[in-house]
Amino acid sequence: MKLALEISIYIALISTMLAIVLCGIRLLRGPTSQDRVLALDTLWMCIMIFVLLLGMFFGSLIYFEIALLIALTGFVSTMALAKFLMRGEIIE
Amino acid sequence: MINMANDIPAWAAILVIFFLLLGSFIIVVGTLGLVRLGDFYQRIHGPAITITLGTGSVLIASMILFSSTHERLVIHELLITAFVFLTAPLGAMMMMRAAVYRGRRQQQRDESK
Amino acid sequence: MKSWFPAPWLSVCLLAIWLLLNQSLELGQILFGILLAIAIPVITAPLRPNFPAVTRPIALFRLLSYALVEIIRSSFNVSRIILFRGTKNVNSQFIIIPLDMDNPAGLALLSCLINSTPGTVWVEYFSDRRELSLHVFDLHDEAWWIDTIKNKYEKPIMAVFE
């Protein structure tokens, strides 16, 4: 049972890495700026999931705080970038 | 090389494996949509499934795993769940509005040429 | 009592967040959490908009469980489209939905639910015409969407804040 659990955590880690690479492709290629912001937002989410999976992998509860911080900063940066795209300034 | 304090019961392990595999499938499909789909308005729907269902199932798996190995209720992942479910819609809405405004401005610029 | 807890649900949520962050049920943490739960709503009172109170929690619960089922169902729909259908024959369109509700709290709840559901994104609410613009990933029947939003989402939300 423990082996199956270990294998499934490995699968999840590898597929999250694949997701990060796919986001990176869209981030580099994206024809418009809004595509890049969308890719960056998804990238934050994927990194948060990756950190959570690392916590499960090492069996440690410390990683939870890192994931929470990543979610917080990701939200703020997405909002700031979207606002910037809309008007060209962040605080009106 | 997972360091576990105690052995995990079989039913919990099966649930964790199920949610992990579901989550990893959904995460890859969502970002695949980000790469494969045609224009921005279609692309914004791809990551939505990564953010809702992918994050949700990984968080549920984490809650079950830690609760069963630490022999107490470990549910602080609920904070991340609540935060993500409250903020992800806002991000999507702001990006959509920004894209619509930019598209409209681009159109006006093209017409005035 | 009212002046000590101007927003009782906010106080309960703050205490729960403090205990979850510290992961303990010790007396000291509970006391400090109660202190936070009393202080923060009083300090942030000028920042809080005057939202109408939720009068029917059962209706809210039923609405949220319906939305959860809908999120899971449409996640699988969207992933099927991404995996098995090309990008060319997906009919993505903007649709306009007339709304009867002009309650800001209800609109906020509606936008959160619609944006959380994969396949639909809120674009804009025109407050002068009371119309809502949505972007739908795979549109097969516009009348069905208008009917779903009005009957399955808007009516329960109006019932929640009645």
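Chain B has a radius of gyration of 20 Å, whereas a compact globule of 113 residues would come near 13 Å; the radius is taken over C-alpha atoms, and the globule rule is 2.2 Å times the number of residues to the power 0.38. Along the principal axes, the C-alpha atoms of chain B fill a box of roughly 70 × 25 × 20 Å. The model is predicted: local features need pLDDT of at least 70 and side-chain atom pairs count only at pLDDT 80 or more, while totals for chains, interfaces and linings use all residues. Residues are numbered from 1 along each chain as its sequence is written, and chains are lettered from A and ligands numbered from 1 in the order in which they are written.

**Elements of chain B**

- Chain B contains 4 helices and 0 strands, where helices (H or I, at least four residues) and strands (E, at least two) are DSSP runs numbered from the N terminus.
- Read from the N terminus, the order of elements in chain B is α-α-α-α.
- The helices of chain B that touch chain C are α1 (10-36), α2 (40-43), α3 (46-70) and α4 (77-112), each with at least two residues on that side.

**Chain B against chain A**

- Chains A and B share the most contacts of the 2 pairs of chains in contact; two residues are in contact if their C-beta atoms, placed from the backbone, lie within 7 Å.
- This contact involves 47 residues of chain B and 45 residues of chain A.
- On the side of chain B that touches chain A, α1, α2, α3 and α4 of chain B each provide at least two residues, and α4(B) has the largest share with 15 residues.
- By class, that side of chain B holds 31 nonpolar, 12 polar and 4 charged residues. Ala, Val, Leu, Ile, Met, Phe, Trp, Tyr, Cys and Pro count as nonpolar, Asp, Glu, Lys and Arg as charged, and the others, Gly among them, as polar.

**Helix α1(A) with α1(B)**

- Helix α1 (residues 2-29) of chain A and α1(B) have axes that come within 9 Å and cross at roughly 15°. Axes are lines fitted to C-alpha atoms, for helices over the stretch in contact, and angles run from 0 to 180 degrees between N-to-C directions.
- α1(A) is therefore roughly parallel to α1(B), a term for angles under 35 degrees; over 145 counts as roughly antiparallel, 65 to 115 as roughly perpendicular and the rest as oblique.
- The crossing of α1(A) past α1(B) is left-handed, that is, the near helix is turned anticlockwise from the far one by less than a right angle; clockwise would be right-handed.
- Their contact comprises 20 nonpolar, 6 polar and 1 charged residues.

**Chain B against chain C**

- Here 28 residues of chain B contact 26 residues of chain C.
- α4(B) gives the most to this side of chain B, with 10 residues.
- The side of chain B that touches chain C has 19 nonpolar, 7 polar and 2 charged residues.
- α1(B) packs with helix α3 (residues 57-84) of chain C at an angle of about 50°, their axes being 9 Å apart; α1(B) is therefore oblique to α3(C).
- Ile26(B), Val29(B), Leu32(B), Gly33(B) and Arg36(B) of α1(B) meet Ser75(C), Ser79(C), Ile82(C) and Leu83(C) of α3(C).

**Chain C and its relation to chain A**

- Chain C is assigned domain 1 (8-47) and domain 2 (57-160), with bounds from an automatic or database domain assignment.
- The centres of these domains, taken over C-alpha atoms, are separated by 34 Å.
- Chain A and chain C are joined by no contact, and their closest C-alpha atoms lie 9 Å apart.
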